[in-house]
Structures are given as structure tokens and as C-alpha cells.
Amino acid sequence: MSIREVAARAGVSAATVSRVFTQPDAVAVDTRQRVMAVAEDMRYTPHPVARSLARGRTGTIGIVVPDIANAFSGVITKAVQEEARREGSALFVSGSDEQADDEQRWAGALAPQVDGLLLVSPLMPDAALRELDATVPVVMINRLLDGIASVVVDAAEAVAHAVEHLHALGHRRIVYLAGPSGSYSNGFRLRGYREACARLGMEATELGPFNARFSAGVRAADLVLASGATAVLAYNDEVAVGVINRLFDRGVRVPDDLSIVGVDDTSLAEMVTPRLTTVRLPADALGRAAVRMLFDPLVARGPRTRDPLVLHADLIIRSSTGPVTSR
Amino acid sequence: MSIREVAARAGVSPATVSRVFTQAATVSAATRQRVEAAAKELAYEPNPVARSLARGRTGNLGIVVPDIANSFASVIAKAVHREARAAGYALFIAGSDRRQDEEYRLARAMAAQVDGLLMMSPRIADERFEQLTAVTPVAVINRVVEGIPAVLIPTADGMRQAVDHLYALGHRHVVYLAGLQSYSNTTRLDGFRAACTRLDLRCEEIDLDDSRFSAGVRAGDLVIASGATAVIAYNDEIAVGVLNRLAHRGVRVPADVSVIGFDDTGLAEMTMPLLTSVRLPATTAGAAAVRMLLDRVDGREAPAAAERLYLPTELVIRSTTAPRPGRPAA
């Protein structure tokens, strides 16, 4: 029994049927009653296990990541892979190159082949996410949408700790290198940065937006030097390492002349010299929790949807931050 | 006319019929002739459209890589992804964590859901490929298997360039940090041994049996203890681990020790000093492997002998190599 048949019989779209079960408040009462009556009549249950039985279990789950070459995506994917293996499932990965239409296409290609789908920081529109969730159980990582299960990291507090750390070292001019605008992750970091700056009586200076890549950090470094800041908070570790790299070329010493903080704490943070002070995001826990949520029979069963699971981040102090010196 | 009828008439399995048309070299000549005769009599044509109708074309390709978080694997996967997308296919990627049983399980799961399968540096036994090609066309990167088309990056020549470079800088005692046993490691070793013999160098091999950053950190101390003035690492990740450990130990690169990596992934440009590395044409390899695979998928090619494409490597000199301490290069 498919959602489309229920939709056709009730005279509504498949997305509406999905909403009735995942987000009943978003549907008019009479429509909801009509859909429920048809669903009952046709013995349609949007229970994930029942759904996969109807579809024939594939023993596979899928994940769509923004960039398969990104170190943070790599850590999440590995954690997901291990947890999926524990559940007896294989994992298929697809990368989107950070384009919403690509992402939709890859998610759509995976959907019929898997028992469940994880989406990392998806950029696609709400309606597309709901439609996808109507065909296969979906859990999102770092995106919130009513009615769809998700696991998110609230990095705002740890980013604020980073600002406090720099302030305690005597820094009064700190610049934030912003990541892709509109991304969920950038929003949290920006909020933590602004709140901490306001609390400590410092001006919040932002540069960017930058791509979340090494090359963007190389480019940002010269802008940072021109800004007169003594400390940098970068959107992620790759950008931070790009900054360090360019500063080395310019003869600026880290942390003697300039302090740098990244975000993610991928292996890159330990590979760079000096080792990077960074906000550690719990990528491993994030991936594992997302898989467990996907296999949780409560997800997408009936009108009761789980609340998003919120994980927190920690500031890891290493060698790229030090006391401010007069330049 | 179905493949089953052809199989019944020829007295073989449908998988064998499929192999005759997709991987002819894996079927004995006698069986092949019998199947071809049966196919002709029954006017069976495995043309791409008929085939995709019969099999239900998925519009997907798959790739199984050894380690999904490895930087070289991700450069290959990206190139494969681009080429697949350009040809109108979605790409599924799976990582085996270098476990043979897992690799085979993933390959089987994928084979059933894609129109063609790529495997990067696979470790499964040769016989396993027969079972996979019975389900879907297969091509490999960096592995030689009879009957399977392959893109190969033999690195012996890149290694020769690396050792020659160190020799010219005055180094006479060089260590090679070996990775996991694989086609890639074997060709590096071949090049290393040949160059060492030719130049009469003092050469040592340290078998790390690993290819990650942490193994390089561990190797750093072994390199110092060896007394060598230059080290060549299996890949950039190991080389960066060595750089890291040497920096902690107060050993200067390249003033005290020269370091060379392999792969030339983005990592080589992120270190300080920038890493001298042997560049592997990962992007070219990924794209070529997709085209090779699609030739099978679309039935454009059914060659008697599996195609082999060999790609060259090149030493990229940056800042981690310098004249041997206390002895300027001639």
C-alpha cells in the first residue's frame, strides 16, 4: 500500500498524507480526517519497519554529505558506517558539492535503494525534504524542520568560550571568518560569537562569507592582517589552516603575532604546526546518534515525532592561541 | 527473448550468458561459442536498451573505496562523482575499512543496485570478481585481476624520481616507510629497491602496515633512530605525521632531515614547510575509470582482453627536501 494510493483516494498530494502522519497540526482538520479515514480503510501505516517490509528491506542505509572530500564529513560518515554495520546495514554515500539541486537528485537516487536516509546539513527546500521523508525515513544532521527527525550541534556556547579564551589572553580585536551564508552551522557560530563579544564589550567584526575550504583561508589571511585584528576565529579548521599557511608566508608568527581558533577538531587540527586551538564538534556522536534515530521505530511513526537531539561542543586549547603582544 | 532462454538452450547459467556479453575473457572459449550460437539462434541481442529494460536500469554507479576518510580516496571519489554526473548517473560510495569480508559484502550489495561498479584498490580474492561481474559490469583502480578492466597508477617511476632527487641533494642513507600491502605499495617498493641498487645507497624499509597520519607520528621516532637523513613515506598522510613528530622532537625539516610523500593531495600544500610529494593523477584516474566502466555498461565494448590503462606519476618538489646536513649539493 503506497502513500500515493492513499493520496489519490483522498484527493490530496503525497506530501499532505505525509504531513498528516508527521505533522498533523499543519493540515486542516477536515483534510486530516479524510486522509486518516482513507489510510485506515486501506490499512496504510507509515511505520518505518512496516514501510521497509512493504518495500522489501534492502539492508542498506544512505547518507548525503555536502562534500565527500571534507574532513568533517569524513568523520561523520565513518561513525555512521560503523553504527550502521552494527545494525547489520551497509552504508551508501553520496556527495552534493554543496548544491541544493544536486543534493535533491542524489537523495532521490538513494531513496528507493535504502531503508533510511541521513542528510548532513541539507540545503534543499522544506517541501523537498518533506516529500523525501514521505518515501523513506529521513534523519537530518544539522538542520531543523518540524516533523522530520534530526540531530544537531549547538556550537554557540563553545564558540563563546573561544571568544572568552581570547579575551582572557588580552585580545580585544577579534575577527570572525564567516562560512557559507544561510547554513545552519554558520548561524550557530555567529550567534555565539556575537553574544560573547557583546557581553565582553568588544566589537564583533565579521569577514566573508567564505567557502569552508583551505583556499578560502589563504585568501582570508591578508584581509585579517589588513583589519588590524590580533585574533581570528575561523568558520572551520580548513579555513583556519589556510590562514596559518598564508601567515607563515607573510612572516607573521602564530601565536606570537596572531592567535587563531578553528571549529570542527578534525585530524587537520593536530596535523598543523602549531597545533590548532579549536571548537570540537562531536562528529562521532552525531553520526552514531543519527543512525540510532533512524532505526528507532518511533521516528516517523504516527503523529508523534521525536524532538531534535541537541549535542554540544567543547573548546580544545592547543598551541595556536597565546597572549596578545604589542605589534 | 530473455537471457534465461538463451542460458537454458546453451545449458549454462544466466550469469554465464551475461558474462559472455560483458566480460567475455572470463568465460572459456568453448562455453562462449556455445552461448553465442544459442544467442544467435534465438536472435538474442544484449543491446544496451534491451539490457537496461531487462535488468531495470537504475541510473546509478557505485564505487567501493578502502577508507572513506582517506584524502586520496576522496579525490578519486570526487573525480568519479563528477564524471558519473556528467554522464547522467548518480554515484553511491561505500568504504570497506580495508576489511575483505566487508568489502565483498558492500560490493555485492551495491552490484545489485547499480548499473556498474568501480572498486578502488580492492583486497578481495580474484575469484570473487567473477561473482560480481555476473551481476554487473566491474572496473578496478590499482589492482590487476584477469578479465577485469583496470586503471593503474604504477608508482615505480615516481619513486625513481624521488630517490634521484635525494641522491642529487647528497643523501646517502634513505628510509622508505611502507604502507599496507597493495598494488600501490608494491610498485613503490619496486622503484625504491631498483633505485637504491642502481645508486648504491644505504636503504632501509620500515613496514608500517598502515597508511594514516598516526602511523607517521609513530614512524617519526623510528626515522630518527635509524640515523637516515631522508625519508620517503608511502603517502602524504604518513609524511605529515612524520613532519609533526619531527617538529615535536626538535628535528628540523629540511635542514636535518628531508621528507617526501606520495599522492600530492591537498594536504601537501597545507603543511609547513610545504611537502615535496610524488603526484598521482587521481582525478584523471577516477574519470578514466568511469569511462571504462560505462563502455561496458553501454555495451560499447566487449573486448576479449580486459583493457588496462597505465597513468604516469611525477615528483613535485617543494620545501621539505634540501641538501644533506653539512654537505652542500654538488
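1. Residues count from 1 along each chain as its sequence is written, and chains are lettered from A in the order in which they are written. Because the model is predicted, local features need pLDDT of at least 70 and side-chain atom pairs pLDDT 80 or more, while totals for chains, interfaces and linings use all residues.

2. Chain A brings 27 residues to the contact and chain B brings 26 residues (in contact means C-beta atoms, placed from the backbone, within 7 Å). On the chain A side, β2(A) gives the most, with six residues. Helices and strands here are DSSP runs numbered from the N terminus (helices H or I, at least four residues; strands E, at least two).

3. In chain B, α5 (residues 71-86) packs against α12 (residues 282-297) at about 45 degrees, with the axes 8 Å apart. Axes are lines fitted to C-alpha atoms over the stretch in contact, and angles run from 0 to 180 degrees between N-to-C directions.

4. Helix α9(B), residues 183-199, has 17 residues and should span 24 Å at 1.5 Å a residue, which agrees with its end C-alpha atoms being 24 Å apart (the expected span is 1.5 Å times one less than the number of residues). After α9(B) comes B:Asp200, with a positive phi near 55 degrees.

How values were computed. Contact = placed C-beta atoms within 7 Å.
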